[in-house]
Every structure is written in structure tokens, then in C-alpha cells.
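Open the model in your viewer and keep the sequence panel beside it. We will go from stop to stop, selecting a few residues at a time and looking at what surrounds them.

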Amino acid sequence: MPEPISQVEYWNGDVGERWATMQAELDRVFAPLTDALLAGAALRPGERVLDIGCGCGETALLAAGRIGPSGAVAALDVSRPMLARAQARPASGAPIAWIEADAQIHAFAAEHDVVLSRFGVMFFEDSLAAFANLRRALRPGGRLAVLCWRTLSENAWVNVARRAVLSVVPEPAPSPPEAPGPFRFADGDALTDVLDRAGFARAAVTPVDRPIEIGSDAEAATRFAVTVGPVAGLLRDLDAPTRERAVAAVRAAMPEGGLVRLGAACWLATAVAPE
Ligand SMILES: C[S@@+](CC[C@H](N)C(=O)[O-])C[C@H]1O[C@@H](n2cnc3c(N)ncnc32)[C@H](O)[C@@H]1O
């Protein structure tokens with residue numbers, strides 16, 4: 001079996017390029033989830049914010065607007081194409097430092113008021129080391145607010161398409177439970193446990209359930225579902241005729257009648273750095 005590629009390679013390859021190309025659409029689709037994250041982060045003017053796995057910059061840019069010119073944002077990611085997209089976007093409010101670095105080991109100054117992340121903390125190879133490093137990036141009393149996916153079966157926006165593809169191709173062997181991936185923290189207790197062990201206080205998870213609009217019709221929703229996330233991964237190595245059958249199965253599974261709105265289920269995890 002081939003060695004799994006590292007997250008740095010993964011997010012600098014075609015996946016990172018695709019996220020950069022689809023930035024506007026992804027941010028539109030995920031907007032209701034982004035709102036829940038920013039509500040949980042409760043940013044105040046003048047705060048220093050660290051965005052982990054900032055990708056194409058949406059949450060860093062929104063945070064900069066909320067904290068205003070007296071605040072500061074550091075936005076960190078390992079993906080060059082996604083950071084390039086982020087840097088090209090118009091910004092206002094607090095200055096943003098875009099940093100290409102690995103959050104697990106980057107030497108942060110212990111000066112941040114808030115660490116936040118939209119779907120960036122499930123991809124660590126060593127979650128305990130990474131969260132301990134993020135805790136050290138906070139001043140005493142600083143806050144963490146991160147958004148992670150719950151289970152596949154609770155996320156119809158992925159699972160409808162995934163089940164359709166699996167009617168055509170065999171299901172791949174499951175990844176080990178602690179392997180990096182979008183559903184790494186589907187078990188909220190695993191997330192609060194690692195936050196506790198990393199030295200955070202008051203770690204808690206709150207479910208966030210929002211329908212998200214993945215396409216203006218079944219055709220657009222199919223395009224979205226097969227281009228990003230785990231379903232794109234299932235299709236990647238298929239020969240052209242099998243891929244075509246799998247995409248046709250996804251198209252047939254999408255609800256008809258205009259806008260396609262499917263359920264998305266996340267954990268909003270919050271914690272504080274001890275005083
Ligand atoms: C699912 S994407 C989310 C991107 C962005 N936060 C968003 O919501 O659009 C996950 C991001 O985490 C980044 N990432 C993965 N491992 C990382 C690490 N160890 N340090 C920093 N960023 C990482 C990836 O490069 C990618 O941009």
C-alpha cells in the first residue's frame with residue numbers, strides 16, 4: 001500500500017488549488033457555519049486573533065473587520081495556493097499577517113487573545129502537541145473557538161453524495177480513528193479530551209446544525225459535492241467511465257426542484273487558557 005501523503009503535500013497539491021479556485025463558492029456555502037464560529041469567538045475591538053488553518057482567508061478577513069484597526073490578526077496555514085488566494089483578497093480593519101507555517105510546531109508568541117479556526121484543526125498529525133502549542137499562543141485567560149465536522153451520517157451535504165458514489169464503487173477501508181481528516185473530531189468527547197490534556201480549561205463542545213445551500217439546482221449541487229471534500233477523494237483515482245457513473249449516481253441522488261439545501265452538523269469547541 002502506498003504511504004499516505006503528508007498534510008503539507010495534500011494541501012499544496014490539487015486539493016489546495018481547488019479550494020483556492022472555489023474560495024468564493026465555499027465561503028458562500030459555509031457562511032451559516034462561519035456565523036456560528038464568529039458568534040462563539042465573541043471578538044472584541046482591539047483583540048489579537050490567531051486563525052489556524054486560515055486557508056483562503058475568510059475567517060481572518062471577517063475577524064479583522066470585527067476587531068478593527070486597533071486589533072491584529074495572524075493567519076497561519078501550510079497551503080501556499082490557499083494563502084496566495086487569501087492575500088489577494090481585499091482587507092479592512094485590523095492588519096493581517098499571513099504566515100506559511102505548521103501550527104503544530106510554529107513558535108508563537110504567547111500574546112493572542114483568541115485562537116479560532118474554521119475546519120482547520122482536524123488535520124494535525126499530532127493533535128495533542130498541536131493544541132498544547134495553540135494554548136501556549138494564548139495569553140492567560142485567552143479563548144479558543146474552533147469549528148469541526150460531526151459524523152458523516154449527520155452531514156447530509158457530504159453523505160448524500162457519498163452514499164451515491166458507494167453504490168458504484170466499493171467503500172474504502174476506514175482510516176484509523178486518530179488519522180487527520182475532516183471527521184477526526186466527529187466524536188466531541190475526543191475533542192474536549194485532547195483540549196483538557198493540552199492544558200486548556202473549560203473545554204466544551206456545542207452542536208451547530210445548519211442547512212447549507214450547496215447549489216442553485218441539482219446540477220450545481222452535484223458539481224459542488226463531487227469537487228470538494230471526501231467525495232472528491234473517492235472519485236480521484238477512478239477511470240473515466242466509472243467516474244462518470246459515480247457522478248451520474250450523485251446527480252440522481254440530489255433533490256430536484258431548485259435550490260439544494262442539505263444538513264451540515266458541526267461542533268463548536270470552546271476553551272480558555274488557564275490564568
Ligand atoms: C478544510 S481547510 C479549511 C480552510 C479554511 N479555514 C476554510 O474554512 O476555508 C483546512 C486547512 O487547514 C490547513 N492545515 C492543515 N494542517 C495544518 C497545519 N498543521 N498547520 C496549519 N494549517 C494546516 C490546510 O492547509 C487547509 O487550508
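Helices (H or I, at least four residues) and strands (E, at least two) are DSSP runs, numbered from the N terminus. This is a predicted model, in which local features need pLDDT of at least 70 and side-chain atom pairs count only at pLDDT 80 or more, while totals for chains, interfaces and linings use all residues. Residues are numbered from 1 along each chain as its sequence is written, and side-chain values use heavy atoms, with hydrogens and water left out.

**Stop 1: the parallel strands**

Select residues 48-52, which form strand 1. Of its 5 residues, 4 are buried, where buried means under 20% relative accessible area, exposed over 50%, and partly exposed in between (1.4 Å probe, protein chains only).

Strands 1 and 2 run parallel and are joined by 5 bridges; two strands pair if DSSP finds at least two bridges between them. To find one of these pairings, look at Asp-51, whose bridge partner in strand 2 is Ala-75.

Next, show strand 4, residues 112-118. It runs parallel to strand 1, with 3 bridges between them. Here Val-49 has Val-114 as its bridge partner.

Leu-76 and Ile-99 are bridge partners. Between strand 2 and strand 3 the chain passes through helix 5 (residues 80-87), in a right-handed β-α-β crossover. Right-handed means that, with the strands pointing away from the viewer, the path from the first strand over the helix to the second runs clockwise. Another right-handed β-α-β unit is made by strand 1, helix 4 (residues 58-67) and strand 2.

**Stop 2**

Is Ala-64 buried or exposed? Ala-64 is buried, with a relative accessible area of 0%. Leaving aside neighbours within four places in sequence, Ala-64 is in contact (heavy atoms within 4.5 Å) with Val-73, Ser-92, Gly-93, Ala-94 and Ile-96.

Then move to Thr-34, in helix 3 (residues 23-41). Thr-34 is buried too, at a relative accessible area of 1%. Beyond its neighbours within four places in sequence, Thr-34 contacts Thr-59, Leu-62 and Arg-118.

**Stop 3**

Select residues 218-227, helix 9. Because 7 of its 10 residues are buried, helix 9 is largely enclosed by the rest of the structure. The buried ones are Ala-218, Ala-220, Ala-221, Thr-222, Phe-224, Ala-225 and Val-226. To see what covers them, show elements including helix 7 (156-165), strand 6 (201-215), helix 10 (229-235), helix 11 (240-253) and strand 7 (260-272).

At its start, a side-chain oxygen of Asp-217 comes within 3.2 Å of the backbone nitrogen of Glu-219. Just after helix 9, Gly-229 has a positive phi of about 75°.

Now pick Ile-214 in strand 6. Ile-214 is buried, with a relative accessible area of 0%. Not counting residues up to four places away in sequence, its contacts include Ala-220, Ala-221 and Phe-224, along with Trp-157, Val-260 and Glu-25. Ile-214 and Glu-25 are 189 residues apart in sequence, with 8.8 Å between their C-alpha atoms.

**Stop 4: a cavity and a pocket**

How many cavities of 30 Å³ or more does a search of the whole structure find? There is 1. On a 1 Å grid over the protein atoms alone, a cavity is a set of points where a 1.4 Å probe fits but cannot get out, and a pocket is an open set with protein on both sides within 12 Å along at least five of seven lines; lining residues have an atom within 4 Å of a point. Grid points are joined across faces, edges and corners, and a volume is the space filled by probe spheres set on the points.

The largest cavity holds about 40 Å³.

Finish at the second largest pocket, with a volume of about 230 Å³. Among its 15 lining residues, Ser-127, Glu-178, Arg-184, Val-194 and Arg-197 are the closest to its centre. Helix 6 (127-136) and helix 8 (188-197) each contribute two or more lining residues, and helix 8 supplies the largest share, 5 residues.

Conventions
A polar contact is a pair of N or O atoms within 3.5 Å; within protein, one must be able to donate a hydrogen and the other to accept it, and residues adjacent in sequence count only if both atoms are side-chain atoms.
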